[in-house]
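Q: I am new to this structure and would like to learn how to read it. Could you take me through it step by step?

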Amino acid sequence: MERVVSGVRPTGNIHLGNYFGAIKNFVALQEQCETFFFIADYHALTTHPNASELQDRIKETLATYLACGLNPDKTTLYIQSHIPEIPELYLIFNMLAHLGELERSTTFKDKVAKQQSNINAGLLTYPVLMAVDIIIHRATKVPVGKDQEQHLEMTRNFVNRFNHLYETDFFPEPEAFNFNQALVKVPGLDGKGKMGKSEGANNAVYLIEDPKAIQKKVMRAVTDSGPKEKNSPVSEPVANLFKLMELVSEPDVLNNFKEDYANCSIRYGDLKKQLAQDIIKFTDPLRSKIQYYLKEEDLLRSIVQKGAEKAHESAGETLSGVKKIIGLKAL
Ligand code: ADP
Ligand code: TRP
């Protein structure tokens, strides 16, 4: 059976990008594959060194996963730092990663630009830890958004290097996965680039947010000064709002706004109002479920405890296989 792994860093709440980029596809895969979904708290330490500040986010993330349909009877749900085999395999794989390729990673370069005061080695080896998250269960499918494509390519490089060096086929090559469709890139509300937790307070719409806050954020979304002539090209900020509509609105609604744009009669206020309404309609049922699960602390705890046991078992098998292949043996 195919094995699937994916995860999210608990550095903020789950937003529409996380949902449409990763969680939605993962929920579909849990019906057909052996699936592991985790909260990447070690990864979060690369940017958020005080883990105590992450604990509420971890609970919210877990509650949100359940609200989105991750089923703990079908999938193994766990917290990364509960599985000691992960840092152990990470140590081993650090010897297989080359400085040059790590320095060339776009996410590393991004982070270097963004957090000058804390360019730590964990940021540099972030792709190694991510590769290990995947290969620790010898997974082949990784439902993630477009932004993670390069990390998956690096994972395949590490896997191939290991297999080649030790003349084995122990690790299969994992692939970013979206049911034969292009990987998703959900845009943010600030007119440039992707929706993300670290892209500024008004960029992302979180599933847990109340309707008023969503409405306010969407109404503030960046647009442009409007089309000047018929069929003029759509600027990035407006294309981003259309893209969001594609995810949450009826196709007719989107087409009407596109037509209005093409014939210069579009009113961005109406576009945003409609988009806000459709996002709220989409998130409403999720929000009440998140609130429900947040109150069930014992349930959340027992889910991650059970998940850790299952993940530990799978990770233990992989790690002992690796040690044997490398030739690391107890006396
Ligand atoms: P963020 O980028 O907000 O910090 P994470 O890095 O924790 O979120 O991402 C977790 C998952 O969500 C990854 O699979 C990532 O590809 C996906 N994801 C995050 N933002 C987007 C986006 N804007 N579009 C598509 N997928 C996304
Ligand atoms: N790096 C991913 C992100 O920032 C999160 C992540 C960590 C992940 N380990 C993973 C995603 C393993 C998929 C599989 O989006």
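Q: Where does ligand 1 sit?
A: Pockets are found on a 1 Å grid over the protein atoms alone, as open sets of points with protein on both sides within 12 Å along at least five of seven lines. A molecule sits in one if more than half of its atoms lie within 2 Å of its grid points. Here, ligand 1 sits in the largest pocket.

Q: What should I know about the model and its numbering?
A: This is a predicted model, where local features need pLDDT of at least 70, side-chain atom pairs count only at pLDDT 80 or more, and totals for chains, interfaces and linings use all residues. Residues are numbered from 1 along each chain as its sequence is written, chains are lettered from A and ligands numbered from 1 in the order in which they are written, and side-chain values use heavy atoms, with hydrogens and water left out.

Q: Which residues come nearest to ligand 1?
A: A residue counts as near a molecule if one of its heavy atoms lies within 4 Å of it. Of the 19 residues around ligand 1, the nearest are Arg 9, His 15, Gly 145, Asp 147 and Val 186.

Q: How do I read its polar contacts?
A: Look for a pair of N or O atoms within 3.5 Å. An oxygen atom of ligand 1 is 2.6 Å from a side-chain N or O atom of Arg 9, and for Asp 147 such a distance is 2.6 Å. The protein buries 96% of the 530 Å² that ligand 1 exposes when taken alone, with areas from the Shrake-Rupley method and a 1.4 Å probe.

Q: Which element gives the most to the shell around ligand 2?
A: Helices (H or I, at least four residues) and strands (E, at least two) are DSSP runs, numbered from the N terminus. The most comes from α8, with 4 residues. Ligand 2 also sits in the largest pocket. A polar side-chain atom of Asp 133 is 2.7 Å from a nitrogen atom of ligand 2, while the side chain of Gln 148 has an N or O atom 3.0 Å from a ligand 2 oxygen.

Q: How many salt bridges are there?
A: Side chains of opposite charge can pair when their charged atoms come close. The rule asks for a side-chain nitrogen of Lys or Arg within 4 Å of a carboxyl oxygen of Asp or Glu, and the count comes to 17. One of them joins Lys 74 and Glu 31 at 2.9 Å, N to O. This pair links distant parts of the chain, 43 residues apart.

Key: Polar contact = N/O pair within 3.5 Å; in protein donor to acceptor, adjacent residues only side chain to side chain. 1 Å grid on protein atoms, 1.4 Å probe; cavity = no way out; pocket = protein on both sides within 12 Å on 5 of 7 lines; lining within 4 Å.
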